[in-house]
Amino acid sequence: MRKWLPLLTVCLGTFMLLIDVTIVNVALPDLVTDLGASLSALQWVIDAYALSLAALLLGVGSIADIVGHRRMYIAGLGLFAVSSLLCGLAPGPGTLVAARAVQGVGAAAMFATTFALLNSSYTGRDRGTAYGVWGAVSGASSAIGPILGGLLTEGVSWRWIFFVNLPVSVIAIGLCLTALSDTHPPRRVRVDLGGIATFTGAAGALTYALIRANEDGWSDAVVWSLLAASAVLLAGFVAVEARVREPLFDLALLRDRRFVAVLLTGLLLTFAAFAAFTYSSIWLQSVLGMGPLGAGLTGIPLSVAAFAVSAGLGRILHERRPDRVISLGLLLIGLGALLVAALVHGSARWPALLPGFAVIGLGVGLVIPILGSVSMSFVPPQRGGMAAGAVNTARQLGYAIGIAVLGNVFAARAHAILAERDVPAAAQVAHTVAGGGSRQLLGASEPTARQALDGALHAASVGALQMTFVVAGTVGVVASLAVAYLMRPHGGGGGGGGAGSVPAQDHAAAIGPAATPATS
C-alpha cells in the first residue's frame, strides 16, 4: 500500500483545488443574502479563482521545473490553506473575491505539478492505474463540489465550504513530507519573467472582457479595448518566448498538431462539461426553489459515471489509441449536454437533468485520465511542469471563458423571452435571473403581479438553460470532430498509428512520433 501514498497525496490536492472551482455555485443565492453581493461580485467569486488559477498555471509550472515539483506542491498546499481560511472569514464580497484570487495562486502551484509528480512516482502499468485513479478523482471533483457545497451551506454555513480545506491541507502536507520526492534536481536557469507577465496579462484581460460583456453588453468600448489588449499581450508573449533561452513555454510544441489537439481538448472539455452547471444550479434554486444540497445532489450521476469509467478503465484506456478515446469522450460530453437541452422544457423539474449529466460523466471519465498522460509524452521529464501547466491552463481558461460566454447566452435568451411577455425592464430582470436573484424579484413584487412574474421567470430560465446547454453541447461535438482530425495518425494509419493499442509508457507513439521540443 505504501507505493500508492504518492498517488493519495496528489489526489488530495487535486480534489480540493477542483472542488473549489464549483463548490461555490450552490452558495450563490446565500452570498446575495448574507453579504449583499451584486451580480458582478457573484461572477467574480467564481471567476477570481478560475482566472487566477488559469493565468498562473503555465508560469508556476515552469518555475516548478526549476525549483522542484515537490517543493512547489507543498508551497501551493500551504498557500491554499491560508487563503481558504481568509475566504471563510471574509466580512464582505470584496474580501472574499480577493481571498479567492489568492486561493487560485495556491491551486495553480498544486495543479501545475500533479502530472510531473505522478510521472516521477510510477512507471508502466502502475502509471496507467495512477492516471486512471487521478482522472476519476479529477472528473468527479467538479460534480462533487456542488454536492459538498450544498451539504455544508444548508447544514452549517457557506463559510464551511472553505474551512473544510484546512484539515485536508494539513494531512496532504504531512504526506508530502514522507511520501513524495523530487527525482529531478533543481535547474540553474532564469525564470522567464517576461513570459509570465505577458501571458498572465493576456489571460486576465480576455476573461475580464468576457465578464464585462456579460454585464454591459458587447457594445461597451471597454470590452473591445480589453480584447485588443489581450491580443497585443499574447503577441508579446509569443515574441518573448521566441527570444529567451529558457522559455516559459516551448513554442516548438505548437508545430505539432497533436499537441495543439491536446490543448484544444483541455480548453473545450471544461467549457462543454462543467461551465453550464452554474446556470443549472441557479435554475434549480432560484426558480424551482430547491435547497443548496438538493441542487448539488443532481450532479451525482455525472460524478459516479466519471469516477467509475476513470477508475475502472484507467489501466485499459492507458493502452488504447488516445485520439479515439479523447474524441469519443468529447462526443459523449456534447451529446449529454444536448440531451439535457432536449429534456428540460416548460414544466420540467430536476429529474430532467439526470440522464444528460450521466452521459456527460461517461465522457469526462474517458478524457481526463488519458489527457494528462498524453501531454507528458511530448516533453522530457524535467519539463513536465511546463506541459502540465499548459494543458491545465487550457482547462481552467476553458471553464472561466465558458462561465462568461454561457452567462451571456443565458442572459440574452432570458431577456428575449421576458421581452416577449412584456415584462417591464426585461434586460435588468434577465441579468438578475442569471445571477440567481429570482427569489428577490418575487419577494419585491406586488402580490397580484407575483403569479404572472413567477410564470415569466420560470419560462425565461428554462428557455435560457436550454440554450445554454445547446451551446455547450455543440462545443463538445465540434471539439470531438476537431480533435479526431488533428490527432489522426500520420499516413492514414501507417506506422505506430495503425495499432489498436500502445505501450503504457508512450501514448504519443499511438498517433505518430511527437515533435522534439527545442529545449530537450
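Predicted model: local features only at pLDDT ≥ 70, side-chain atom pairs only at ≥ 80, totals over all residues.
## Around helix H6

Tyrosine 122 is buried, with a relative accessible area of 4%.

Tyrosine 122 has an aromatic partner in tryptophan 4: the two rings are stacked, 5.2 Å centre to centre with 25° between the planes. Since tryptophan 4 sits in the segment before helix H1 (5-22) and tyrosine 122 in the loop between H6 and helix H7 (124-155), the pair ties together parts that are 118 residues apart in sequence. Another pair joins phenylalanine 115 to tyrosine 131, and this one is tilted, at 6.1 Å centre to centre and 55° between the planes. Here the link runs from helix H6 to helix H7, so it ties together parts that are 16 residues apart in sequence.

| Aromatic pair | Centre to centre | Between the planes | Arrangement |
|---|---|---|---|
| Tryptophan 4 and tyrosine 122 | 5.2 Å | 25° | stacked |
| Phenylalanine 115 and tyrosine 131 | 6.1 Å | 55° | tilted |

The count of aromatic pairs comes to 11. Elsewhere, ring pairs join Phe274, Phe277, Phe357 and Phe469 into a cluster.

Now for H6 itself. The helix covers residues 114-121 and is mostly covered, with 6 of its 8 residues buried. Those are Thr114, Phe115, Ala116, Leu117, Leu118 and Asn119. H6 packs against helix H17 (residues 354-376) at an angle of about 80°, and the axes are 10 Å apart. Angles of 65 to 115 degrees count as roughly perpendicular, so that is how H6 and H17 lie to each other. On the H6 side of the contact are Phe115, Ala116 and Asn119, which meet Gly372, Ser375 and Met376 in H17. By class, this contact has 3 nonpolar, 3 polar and no charged residues. Phe115 thus turns up in both stories, since it also pairs with tyrosine 131 and meets H17 as part of H6.

One more buried spot: serine 480, in helix H21 (residues 447-486), counts as buried at 4% relative accessibility. Leaving aside residues up to four places away in sequence, serine 480 touches Ser327, Leu330 and Leu331.

Zooming out, the protein has 21 helices and 0 strands. Of its 520 residues, 59% count as buried. Among contacts with a separation of 6 or more, 84% involve residues 24 or more positions apart. The accessible surface comes to about 18300 Å², and 67% of it belongs to carbon and sulfur atoms.

Terms used: Residues numbered from 1 in each chain as written. Heavy atoms only, no water. Buried < 20%, exposed > 50% of the residue type's maximum accessible area, 1.4 Å probe, protein only. Helix = DSSP H or I, 4+ residues; strand = E, 2+ residues; numbered from the N terminus. Axes fitted to C-alpha atoms, helices over the stretch in contact; angles between N-to-C directions. Parallel < 35°, antiparallel > 145°, perpendicular 65-115°, else oblique. Contact = heavy atoms within 4.5 Å. Nonpolar A, V, L, I, M, F, W, Y, C, P; charged D, E, K, R; others polar. Areas by Shrake-Rupley, 256 points an atom, 1.4 Å probe, with all protein chains shown as cover. Phe/Tyr/Trp six-rings, centres within 6.5 Å; stacked < 30°, edge-to-face > 60°.
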